[in-house]
Amino acid sequence: TGRRDAVVTGMGTTMNSARGQNPGSLAVAALLLWCWQAAAAAPLAVSRITPVGDDVPAANQIVIEFDRPMVPLGRMERRAEEVPVSVAPALACQWRWLDRQSLACNLDAAATLAPATRYAVTVRPGIQAMDGATLAEAVTAHFMTERPGVTQVWFRTWKHPGWPVLRAVFNQPVTRASVERRLFLRAAGGGARLALAAAPDPDDRDAPLVIALPGDKLRAVIA
C-alpha cells in the first residue's frame with residue numbers, strides 16, 4: 001500500500017512506471033504482449049507452394065513458403081528424414097532452407113521434374129516453427145508439368161498422288177501410338193477426320209529456321 005510504481009513483465013523485459021513517467025507505456029506493453037501471445041497461438045500456415053498450375057515448364061526446384069520464421073540462420077541443409085514433406089511421384093529432393101521461411105526441394109540436372117506429370121506436394125503437421133506452432137492439418141498442393149504439344153507442322157513431299165508426307169515437331173518426346181490417336185487431317189470446310197500413319201523422321205534434326213523476308217509476305221525456310 002502507498003506504493004506508486006508498478007512492474008509489468010512480458011516477452012523477457014521488465015518496465016517500471018513511476019511518478020512522472022508516461023502512463024501510456026503500460027498500455028503499449030500490454031498490447032505488445034497480447035499481440036505476441038495471439039501470434040504464438042495461431043497455427044502455422046503455408047503461404048505458397050511453387051510451381052503452381054498446369055503446363056509448368058521443366059524445372060529443378062519446388063519451394064514451400066511459410067507465414068513465419070521456421071529455422072535460425074546457420075545450417076540450412078536438411079536430410080529427408082528431417083523434413084515432414086512428401087512429393088508424389090517421388091523425387092530425389094535435396095532439401096535446403098533458402099531463408100528462415102522458405103524450404104526448397106532442389107533437384108539435380110539429371111533428375112528434373114518429368115514432363116506431362118501431375119505432382120502432389122504434401123506438408124504434414126510435424127513441421128514446427130520457431131515459436132513452436134505447427135500446422136493444424138496437412139496441406140497439399142498440385143501442379144502439372146508441360147504436356148505434349150505440336151510446335152511446328154509443314155508439308156514435306158508427296159509419297160504418291162493423294163498421299164502427302166507432313167513433318168511435325170513436338171515440344172517433348174512422344175510415342176508413335178499417341179500421335180496416331182491424336183493427330184489427324186480434316187478438310188478446311190469440315191468433314192470426316194482422316195487418320196494419319198506416324199513414323200520417326202529418318203532425317204530427324206533441329207527444326208527449320210524460318211526467316212521473315214522484307215514486307216513479311218514471304219518466308220524463307222532453311223531446313
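**View 1. Burial and surface of the chain in the predicted model.** Of the 223 residues of the chain, 22% count as buried, a term that here means under 20% relative accessible area, with exposed set at over 50% and partly exposed in between (1.4 Å probe, protein chains only). The accessible surface of the chain comes to about 15,200 Å², and 57% of this belongs to carbon and sulfur atoms; the areas come from the Shrake-Rupley method with a 1.4 Å probe, and for residues only the protein chains shown count as cover. This is a predicted model, in which local features need pLDDT of at least 70 and side-chain atom pairs count only at pLDDT 80 or more, while totals for chains, interfaces and linings use all residues. Residues are numbered from 1 along each chain as its sequence is written, and side-chain values use heavy atoms, with hydrogens and water left out.

**View 2. Secondary structure and contacts along the chain.** The chain holds 2 helices and 17 strands, which are DSSP runs numbered from the N terminus (helices H or I, at least four residues; strands E, at least two). Among contacts (heavy atoms within 4.5 Å) between residues at least 6 apart in sequence, 50% join residues at least 24 apart.

**View 3. The disulfide of Cys93 and Cys105.** A search of the whole structure finds 1 disulfide, defined as a pair of cysteine sulfur atoms within 2.5 Å. Cys93 and Cys105 form this link with their sulfur atoms 2.0 Å apart, and the link is left-handed, with -80° about the S-S bond. Cys93 lies in the loop between strand 7 (85-88) and strand 8 (94-97), whereas Cys105 lies in strand 9 (residues 102-106), the two being 12 residues apart.

**View 4. Burial of the two cysteines.** Cys93 counts as buried because its relative accessibility is 18%, and Cys105 is also buried, with a relative accessible area of 0%.
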